[in-house]
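Dear colleague,

I am passing on the structure below, followed by what was found in it. Please read the notes alongside the coordinates.

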Amino acid sequence: MIHKLILPTPFAVGDVNAYLLKGDSLSLVDAGPKTPDAYAALERGIKEAGYSFKDVEQVFLTHHHPDHAGWIDAFPNAKVYGHAYNDLWLTRDPAFFAYHDEFYLERLIEEGVPQKYHAWVEKMKRPVAFMGNRPLDMTVEEGDALPGHPGWTVVETLGHAQSHVSFWHAESKEMIGGDHILEKISSNPLIEPPLDPSAGRPQAMIQYNESLRKVMTMPVEKIYSGHGNEVYNVHALIAHRLEKQHDRAMKVHAMLAETHLTIFEITQKLFPSVYEKELGLTLSETIGQVDYLLAEGLAIESRDQDGVFTYGQA
Ligand SMILES: [Zn+2]
């Protein structure tokens, strides 16, 4: 049995979904943002399904973002499972947080972002207030079985987040997909510090496209997603998303015809009215398109003596 819980969030995305999964064990997939309103909605939804917080035995996280990982510490009898990356945030790992600021500052410099925007690095950690504050009991990875839920396995779907996993039931062809594939919106492959600092900046868009193609190879018929309605036309929607993303990248490609531009300059052209307000999201989107063009051999990268990257057509 899968019981959908719709929870309010204070974020632009609107409501978020959590799912109660009843098998041999009672589990919750995702736990809303840590707000009183989401807590009340969780309580109401779990009660409607015939249970209370203390009946929940496991919480599985699709990813660490604050609209999904909030109330993990509200279930006194539950073990919490997720990708290892969640823990860096859920435990407020001091070494990771120090590295986090360093990572984003390095990115801003190489992206050619003017100094007056550098204070933005601090903003990137603000959502942590809406995240639960307890470590995972168990980490999960590709192919793991979900305890207490025969037939359900973990599929790594990195891209939108460096912690992103989906849960897959091969027999029913159903997936609980977090924010990997949403009905109405295309998921933003956010630039996040890597789990292993020596690995360098994750190419989130490339990862994301690979994760989309992975789902393309699976006979998925229904996705219970993190926001909005269930998705049924999964393969057609993925094909559409990949095509649209290619089109957006080609728009960037056209900008590079006569000139070499930095990530910041491309971002200003792509999002003239929102880049200042949503610097993190818009830079991530631009980096994604440029990574895609580089991977396709359509763009070239050069670095000046100040460490700023510029891009031109290949
Ligand atoms: Zn989300």
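Donors are N, O and S atoms within 2.8 Å of the metal (3.2 Å for Na, K and Ca), and because water is not among the atoms, sites may look incomplete.

This is a predicted model, in which local features need pLDDT of at least 70 and side-chain atom pairs count only at pLDDT 80 or more, whereas totals for chains, interfaces and linings use all residues. Residues are numbered from 1 along each chain as its sequence is written, and side-chain values use heavy atoms, with hydrogens and water left out.

The zinc ion has as protein donors Asp-67 (OD), His-68 (NE2), Asp-179 (OD) and His-227 (NE2), at 2.0 to 2.4 Å, and the angles of 84 to 161° among these four donor atoms make the site irregular. Asp-179 lies in the loop between strand 9 (174-178) and helix 5 (204-216), and His-227 in the loop between strand 10 (222-225) and helix 6 (234-255), so the pair ties together parts that are 48 residues apart in sequence; helices (H or I, at least four residues) and strands (E, at least two) are DSSP runs, numbered from the N terminus. Both Asp-179 and His-227 are buried, that is, under 20% relative accessible area with a 1.4 Å probe and protein chains only.

Just after helix 8, Gly-297 takes a positive phi of about 75°.

Best regards

Terms used: Four donors count as tetrahedral if all angles lie between 85 and 135 degrees; four count as square planar and six as octahedral if opposite donors are over 155 degrees apart and all others between 65 and 115; anything else is irregular. Buried means under 20% relative accessible area, exposed over 50%, partly exposed in between (1.4 Å probe, protein chains only).
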